[in-house]
Amino acid sequence: MNTVTAIAIGMLTLAAAINFARAIRPGTIVDRAIALDGVVAAIICGLGVAAVRLQSGVMIDIALVGGLVGFLTLTTVARYVGRRGS
């Protein structure tokens, strides 16, 4: 199981790095918000894998809070962009 979780963590790290690279490239605020949401999603999935690896339920609670914060952040950005008009 350690090999599988190590591979999963590596792939999630790669996904987070690609999304972060997309977030720092010049573009619209919507592109950056979606890319940063991808980073948050990769981190949340990483917490889930860590919970399996460590056999700890505390990581799941942290992942749930992180998911809620990510959702609220993305909806706030969407509301801001919607009011701004572009």
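Residue V39 touches A16, N19 and F20, when residues up to four places away in sequence are not counted; contact here means heavy atoms within 4.5 Å. V39 is found in helix α2, where helices are DSSP runs (H or I, at least four residues) and strands likewise (E, at least two), numbered from the N terminus. With a relative accessibility of 13%, V39 counts as buried; the classes are buried for under 20% relative accessible area, exposed for over 50% and partly exposed in between, computed with a 1.4 Å probe on protein chains only. The C-alpha atoms of V39 and A6 are separated by 18 Å, the two residues being 33 residues apart along the chain.

The structure is a predicted model, in which local features need pLDDT of at least 70 and side-chain atom pairs count only at pLDDT 80 or more, whereas totals for chains, interfaces and linings use all residues. Residues are numbered from 1 along each chain as its sequence is written, and side-chain values use heavy atoms, with hydrogens and water left out. The mean pLDDT of the protein is 89, and 98% of its residues reach 70 or more; pLDDT is the predictor's confidence in each residue, on a scale from 0 to 100.

Helix α1 comprises 23 residues and reaches 33 Å from its first C-alpha to its last, close to the 33 Å expected at 1.5 Å a residue. The expected span of a helix is taken as 1.5 Å times one less than its number of residues. The buried residues of α1 are T5, L12, A16 and A23, and they pack against α2. G10 also lies in helix α1, but at 38% relative accessibility this glycine counts as partly exposed.

For helix α2, the 26 residues should span 38 Å at 1.5 Å a residue, and the end C-alpha atoms are 37 Å apart, which agrees. Burial in α2 involves A33, A35, G38, V39, A42, G46, L47, V49, A50 and A51. These buried residues pack against α1 and α3.

The axes of helix α2 (residues 29-54) and helix α3 (residues 58-84) come within 9 Å and cross at roughly 175°. Axes are lines fitted to C-alpha atoms, for helices over the stretch in contact, and angles run from 0 to 180 degrees between N-to-C directions. The two helices α2 and α3 are therefore roughly antiparallel to each other, given that angles over 145 degrees count as roughly antiparallel, those under 35 as roughly parallel, those from 65 to 115 as roughly perpendicular and the rest as oblique. On the α2 side the contact is made by I29, V30, A33, D37, V40, I44, L47, G48, A50, A51 and L54, and on the α3 side by M59, I60, I62, A63, G66, G67, G70, L74, V77, Y80, V81 and R84. By class, this contact has 17 nonpolar, 4 polar and 2 charged residues; Ala, Val, Leu, Ile, Met, Phe, Trp, Tyr, Cys and Pro count as nonpolar, Asp, Glu, Lys and Arg as charged, and the others, Gly among them, as polar.

The loop between α2 and α3 contains Q55, the residue that follows α2. Phi of Q55 is near 55°, a positive value in a residue other than glycine. Q55 counts as exposed, at 71% relative accessibility.

Helix α3 has 27 residues and extends 39 Å from its first C-alpha to its last, close to the 39 Å expected at 1.5 Å a residue. In α3, A63, G70 and V81 are buried, and what covers them includes α2. Two further residues of the contact with α2, Y80 and R84, were examined individually. Y80, found in helix α3, counts as partly exposed at 45% relative accessibility. Y80 and G10 are 34 Å apart in space, C-alpha to C-alpha, and 70 residues apart in sequence. R84, likewise placed in helix α3, is partly exposed with a relative accessible area of 47%. The C-alpha atoms of R84 and V52 lie 43 Å apart, at a sequence separation of 32 residues.
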